[in-house]
Amino acid sequence: TEENMRSVMSPSELLQGRIAGVSISTSSGNLGSAEKMSIRGSSSLSASNEPLYVIDGIPLSNNSASLYSFGENMSSLATLNLTDIESIEVLKDAASAAIYGSRATNGVVLITTKQGREGKSEVKVNYGFSITQFPNTGRREYVGSKQYVEVFNEGVDNYNRQYGYKPGDSGFKKHIQNPFGTLPDTDWMDLILQTGTFYNGDVSFSGGNAKTKYYLSGSYNYQEGVIKTNDISKVNLKSNINHEMFKWLKVGANISGNYLHNNRIPGANLGSTIIGRAVQQRPFDRPYKPNGDYYVGGTDELVFHNPMQILDEETAYIENMRYLGNFYATFKYKDKFAFKSSVNTDITQIYDYTYYNENHPYGKGVGRIVDYNRTIKNILVENFATYNDKFGDFSLSAMLGHSFQKVTTRSAKLRLRAKSS
């Protein structure tokens, strides 16, 4: 319900721990990270186990919302407004396979959005605020500089002794020492973490009479992650209107416009992953030199990439614009014959931008830009005729239908690196 809805980004995350036989996880704690769902176990060892998502009869194109490999995939469902959802149904049976064919191999998630009801008009205004923190930061204790140096140098002695290396030999390893003496150790996790905030505001108008029903809504969502510079902004608009023009003709339109801006941080599978680089640093290492310059990873001064250098010297974001539209008309004749024609559209525009300036470890002193964009058009046209009649103790039901779906993808990629003169 709206009262106890968790502050998550995608519809599938709402189902975590609520349906038996359904396993849901995200690839990381970064905002907008792609979800993984399996229904009643995995269907394949190597292929995808993701189910088919259907919103108001529209089979969605659930491609990754990220185009550049930044260490993890991002969720394309995160653009949707969760407060517009009326119900979610999970299917994995012969009936779903009969309707959606091989696309339903891994199951189907049916999402129904809200619509107006006959009766009194309603206006709803909701506002939510919450905070998030990195859990159990004090649970893991890190070794201090003194013990670290002692244990490391003991390992160096064992190595040299094992291979018979002596001072002057090419393979001889030298002792390390703490160059900062008695200065306090660096709390790297404290440097990269922050208290995340979540704001959500939405307004909706709904109502109707015997012939016309409507639902209109708008929302704004902002969320900060627990790692610095990671945040998401989201805007959603929705309109669901149906009208009975004549006793034999009913028309309707259910459309939504969705926009998401995600300021990203590197995922776990990238060499510049933030948490991975923070916890690997030596306890006496520091991010900044006395003159304000960075200590650079891969040197005697700093073994691994400097996470503060990564966060401060890169700009990486995704813009995801998604339009969902369902237009339909239903013709009826004497409560026996009905014909429904519908046009469903799912159009997504993704812009993925990454900039490493000359001070970033991957900028290599000259800077680098990765600029990708993709447009996905998913159009589905359906026409169904049904006939129901009764002859004494016998009843007759018949259906004839045709479905046509076309998915087109257009991509453009640009990579630039400045050259020194």
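**Close-up views of a predicted model**

Strands 14 (368-391) and 15 (394-417) each contribute at least two residues to the nonpolar patch. Strands are DSSP runs (E, at least two residues), numbered from the N terminus. The model is predicted: local features need pLDDT of at least 70, side-chain atom pairs count only at pLDDT 80 or more, and totals for chains, interfaces and linings use all residues. Residues are numbered from 1 along each chain as its sequence is written, and side-chain values use heavy atoms, with hydrogens and water left out.

**View A. Nonpolar surface patch.** The patch is formed by Y333, F337, Y387, F391, F394 and L396. Together they have about 640 Å² of accessible area (Shrake-Rupley method, 1.4 Å probe). Patch residues have over 30% relative accessible area and no salt bridge, and nonpolar side chains are joined within 5 Å. A salt bridge puts a side-chain nitrogen of Lys or Arg within 4 Å of a carboxyl oxygen of Asp or Glu. F391 lies in strand 14. F391 is partly exposed, at 47% relative accessible area (buried is under 20%, exposed over 50%, partly exposed in between).

**View B. H261 in strand 11.** H261 sits in strand 11 (residues 249-263). H261 is buried, at 17% relative accessibility. The side chains of H261 and N263 make a polar contact of 3.2 Å (N or O atoms within 3.5 Å, one able to donate a hydrogen and the other to accept it). Beyond four places in sequence, H261 touches D231, I232, S233, Y317, I318 and E319 (heavy atoms within 4.5 Å).

**View C. T197 in strand 8.** T197 belongs to strand 8 (residues 196-208). T197 is buried, with 15% relative accessibility. Outside four places in sequence, its contacts are F129, S130, I131, Y222, Q223 and E224.

Key:
Patch = residues over 30% accessible without salt bridge, like charges linked within 9 Å, V, L, I, M, F, W, Y side chains within 5 Å. Helix = DSSP H or I, 4+ residues; strand = E, 2+ residues; numbered from the N terminus. Buried < 20%, exposed > 50% of the residue type's maximum accessible area, 1.4 Å probe, protein only.
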